[in-house]
Amino acid sequence: MAKLTQKDFLKGTIKHIDMKKYNVVPMVEAFENMAYSSRDLARASKIYHQMLSDKNCSIILCIAGSLISAGLKKIIVDMIQNNMVDAIVSNGANIVDQDFFEALGYKHYLGTPHNADDNLLRDLHIDRIYDTYINEDELKVCDETVHKICNSLEPRPYSSREFIWEMGKWLEKNKKGKDSVVYNAYKYGVPVFVPAFSDCSAGFGFVAHQTEHPTAHVTIDSAKDFLELTKIKIKAKETGLMMFSGGVPKNFAQDTVVAAEILGADAPMHKYAVQITVADERDGALSGSTLKEASSWGKVSTALEQMVYGECTTLIPLIIGYGYHKGAWKKRKAANYVKFLQDEDKKVAALKAKENKAKK
Ligand SMILES: NC(=O)c1ccc[n+]([C@@H]2O[C@H](COP(=O)([O-])OP(=O)(O)OC[C@H]3O[C@@H](n4cnc5c(N)ncnc54)[C@H](O)[C@@H]3O)[C@@H](O)[C@H]2O)c1
């Protein structure tokens, strides 16, 4: 038998679902009169529609797991382009290894979890996420591009939001990734936060950059991320959380209420909250902790929250698709929190300049 090569495995590609094509409204509304997960899903969809209809509510989308590689990229891009989200908090894998990776021109491939020979995949430089394959050589280009972006920037601490904005700018300059989350977030002024930014392909780029430039280099300031998201919470007042999966993004966004309180600001609990997850609450861990439980910590109001237990690739197109086809987003105004945060940075820069002048 001829020796297998990468080409034998990297054939069919993952295609991103287009929620605009499927009007799910009648089906989701029919779910209301059913039981179990279908009724939970219908309620979650209605809560999202309420968030979109509430002109005082800013919507924060939280994503963990591997959702972009799974075919959900276009839904998130459509949310950005149609004013259905005001800020994004994600893990690094979705934003860098998956979205930025595809923005560079690469694809995710249809694989199989059932009879995968992972040792052979290893030899062929193919990485596997359950039933999805990735060309590892291409992923290295992603690490290397982050390295190049680091080298091109003034050495100083950046929030991940600032750095991801630079990635969007890089894509624009290099005419790449028009259908990506990073590019569209840059273009539409939606801030993207990745609180654990080094825990993904970006980390390899940063390690290379900091080794090459040991005394003056780009660093990521995660505390600045938290301050920036807290500033958004304080400015927005009313907020709704759409949480897909769980992980660090869920807690990071929820905690802004507590941070605002510490700063003495008048910021209410998150008014709306929806989480889709396969995690359950028995282990006491964050991902499966219920939103009801979060209210005991003063983070989420209990009136308009809904947990939906199930896997994101099937549930997100229904819940976000419902919000899209109901159309309340047409009346929403863009928050442009990127501009707000850049103005905040300018105030700090002016303060610094004043302090430096006083020292001289
Ligand atoms: N996921 C990857 O392939 C990958 C790749 C590189 C780096 N990383 C890094 O690993 C770290 C941890 O990742 P994480 O924060 O995403 O945690 P995680 O992968 O543990 O996911 C968090 C929780 O979300 C739930 N979940 C995940 N996918 C789901 C889905 N499709 N549907 C419903 N629920 C789902 C899981 O039950 C889990 O409890 C991050 O810093 C990330 O950047 C992940």
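Q: What is the strand order in the open sheet of six strands?
A: This is a predicted model, where local features need pLDDT of at least 70, side-chain atom pairs count only at pLDDT 80 or more, and totals for chains, interfaces and linings use all residues. Residues are numbered from 1 along each chain as its sequence is written. The order is β7-β2-β1-β9-β10-β11, with parallel pairing. Strands here are DSSP runs of E, at least two residues; helices are runs of H or I, at least four residues; both are numbered from the N terminus. Two strands pair if DSSP finds at least two bridges between them.

Q: Which strands stand at the edges?
A: β7 (192-193) and β11 (300-309). Each has a single partner strand, so one side of each is left without a neighbour in the sheet.

Q: How many bridges join β2 to β7?
A: Two, and the strands run parallel. β2 covers residues 87-90. Ile88 stands opposite Val192 in β7.

Q: And how many between β10 and β11?
A: Seven bridges, in the parallel sense. Ile276 stands opposite Val308 in β11.

Q: Is β10 enclosed or open, and why?
A: Eight of its eight residues are buried, so β10 is largely enclosed by the rest of the structure. Buried means 20 or more other C-beta atoms within 10 Å of the residue's own; exposed means 12 or fewer; partly exposed is in between, with C-beta atoms placed from the backbone.

Q: Switching to the ligand. Which residues are closest?
A: Ala64, Gly65, Ala93, Ser245 and Gly247, out of 22 residues that surround the ligand. A residue is near a molecule if its C-beta atom, placed from the backbone, lies within 6 Å of it.

Q: Which elements give two or more residues to that shell?
A: α5 (92-103), α12 (247-254) and β10 (270-277). The largest share, three residues, comes from α5.

Q: How does the shell split by class?
A: Ten nonpolar, nine polar and three charged residues. Nonpolar covers Ala, Val, Leu, Ile, Met, Phe, Trp, Tyr, Cys and Pro; charged covers Asp, Glu, Lys and Arg; the others, Gly among them, count as polar.

Q: Back to sheets. What is the order in the three-strand one?
A: β3-β5-β4, open, with antiparallel pairing. The edge strands are β3 (109-110) and β4 (126-129), each pairing on one side only. Helix α7 (residues 136-152) packs on the sheet, touching β4 and β5. The direction of α7 makes about 65 degrees with that of β5. Contact means C-beta atoms, placed from the backbone, within 7 Å. Axes are lines fitted to C-alpha atoms, for helices over the stretch in contact, and angles run from 0 to 180 degrees between N-to-C directions.

Q: What is the bridge partner of Tyr109 in β5?
A: Tyr133. Two bridges join β3 to β5 (residues 132-135).

Q: Now single residues. Is Asp86 buried or exposed?
A: Buried, with 24 other C-beta atoms within 10 Å. Asp86 sits in the loop between α4 (68-81) and β2. Leaving aside neighbours within four places in sequence, its contacts are Ser58, Ile59, Ile60, Val190, Ala335 and Tyr337.

Q: What is Ser37 in contact with, leaving aside its neighbours within four places in sequence?
A: Val308, Tyr309 and Gly310. Ser37 lies in helix α3 (residues 36-53). Ser37 counts as partly exposed, with 14 C-beta neighbours inside 10 Å.

Q: Where is Lys175, and what is its phi?
A: Lys175 is in the loop between α8 (160-173) and α9 (181-188). Its phi is near 50 degrees, a positive value in a residue other than glycine. Lys175 is exposed, with 7 other C-beta atoms within 10 Å.

Q: And phi of Lys237?
A: Near 65 degrees, again positive in a residue other than glycine. Lys237 lies in the loop between α11 (222-236) and β9.

Q: Last one. How many helices and strands does the chain have?
A: 16 helices and eleven strands. Of the 360 residues, 47% count as buried.

Conventions:
Contact = placed C-beta atoms within 7 Å.
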